[in-house]
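Please open the model in your viewer and keep the selection tool at hand. The stops below are meant to be taken in order.

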Amino acid sequence: MAKYWVPASLLLSQSMAAASLFDSDRAIYDSTLTTSTASACPNADPGAWQCIGKTYFESYGAFPAGTRYSHQFNLGAYNSSGWNTLQTTVPLACKALADRLEYWEVGNEPDLFIGSRRPSTYNATQYTAEWLNTTEHFESYLQSACPKLARSVKYIAPSLSSPGARLHIADIFPDEGNATQKITQVSVHNYMNGATVPGVTLQNTLMSHNAVVKSITGHVNYAKTSTISADYIIGEHNSLYGGGASGLSDVFGAALWAMEFSLYAASTGVIKRIHFHQSVGSPYAAWVPSGTLTTNAPYYGKLAASTFLAHSNTIEVKTIALNKDADKDSGYGAYINGDLRRVAVLNLRQYNSGSGTRGSQTYTVKVAPRSSWKSQRLTAAGATDKSGVTFNGFSYDANSNGLAKRVNGKESGKVIKADSSGNITFTVQDSEAIVLLKE
């Protein structure tokens, strides 16, 4: 199979897990393939959109030890080739993930089947029947191939495209008994907008606290309509659907967006996990794993978010009022047993390198009197820069295999102390963010 590079410094907070490498509803298994993937497989299904071979499952060994996975099976191909794919790939998947499995997932964005892979009359009742039938077969195959994993089956479902999807979560699995007890992650997807939609801009679509709040609030409200007792997650998301847009999704401003989105989602207390969609070679990908290896700007935003959200099951995230511009100044606090232990502040005013004097904002946050805080900055020359990004004065580029490399002249681990009244004051440049860790 093809070998793919993953940054050695890859960090996943405890609220995240790696998932399958592409939309499984396009995947048809072809046992004759000598490559891991192919765009055609006439031996298996002449009409297949995407084909996978046996070596595809070796890809689960590409990520660092300790990474856990969800594996998704094809529901879109509800036909003979789809059933054959399910039966033949269950043993391959479960054996590859024997000690690294997080969840199973069956089907992806079934609401988009309507009028495409299903009739225009396709509804929630029909989807539910298909899902139950497929999972019943899946569990029988799993019992035969990996009986140990069959003892505790956990699903992500229904993986709808958005809160506004044409299939509604309240109409899915209304009363299916034990089947819904195995659904432990209720998944709905999210994108801020489309890559080719007119009017999409870096400042107003991505570098905007208000836009992020609006997008996530839709999920918070939608979660209340679910009849399934399970954690609500955003199971697939990124900046702009369609793989993102060059100049928007692959620049430093998108890194700030990734951090802002992650922290605000955590602050809701409703969204328990988010999965960033990657798509090899797309503008919104965090890194380029083959060919010219590259760590892209969005990676750094996720790194900063992971630093703030580390051990997320032990912290409570709250927004912090900064008494500034509600759309451009965003603050968060991470509390452990009521004690403020981390602070994050983002200055979302767009500054492009070379466009004049770079502005800044000075912030004051209330913390424990005379406490000491170590600062870590997420910074670049400007919001539209694609390279030269650092976090805490380090780069994580491909030339160091993604390992931290100190960058001369960049601030790292500066200690800031609060005064006797508990005021800690610091400055953040336009298009920059900072994470403060209590010492």
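The tour visits the disulfides and then a pair of helices.

This is a predicted model, in which local features need pLDDT of at least 70, side-chain atom pairs count only at pLDDT 80 or more, and totals for chains, interfaces and linings use all residues. Residues are numbered from 1 along each chain as its sequence is written, and side-chain values use heavy atoms, with hydrogens and water left out.

How many disulfides does the structure hold? There are two, a disulfide being a pair of cysteine sulfur atoms within 2.5 Å.

Select C41 and C51, which are joined with an S to S distance of 2.1 Å; the torsion about their S-S bond is about -75 degrees, so this disulfide is left-handed. Both cysteines are buried, that is, under 20% relative accessible area with a 1.4 Å probe, protein chains only.

Next select C94 and C146, joined at 2.0 Å from S to S, where a torsion of about 75 degrees makes the disulfide right-handed. This pair links distant parts of the chain, 52 residues apart, with C94 in helix α1 (residues 80–96) and C146 in the loop between α2 (124–145) and α3 (147–150); helices here are DSSP runs of H or I with at least four residues, numbered from the N terminus. Both C94 and C146 are buried.

Finally, select residues 209–223, helix α6, together with residues 252–267, helix α7, which pack at an angle of about 45 degrees with their axes 10 Å apart. Axes are lines fitted to C-alpha atoms, for helices over the stretch in contact, and angles run from 0 to 180 degrees between N-to-C directions.

How values were computed: Helix = DSSP H or I, 4+ residues; strand = E, 2+ residues; numbered from the N terminus. Buried < 20%, exposed > 50% of the residue type's maximum accessible area, 1.4 Å probe, protein only.
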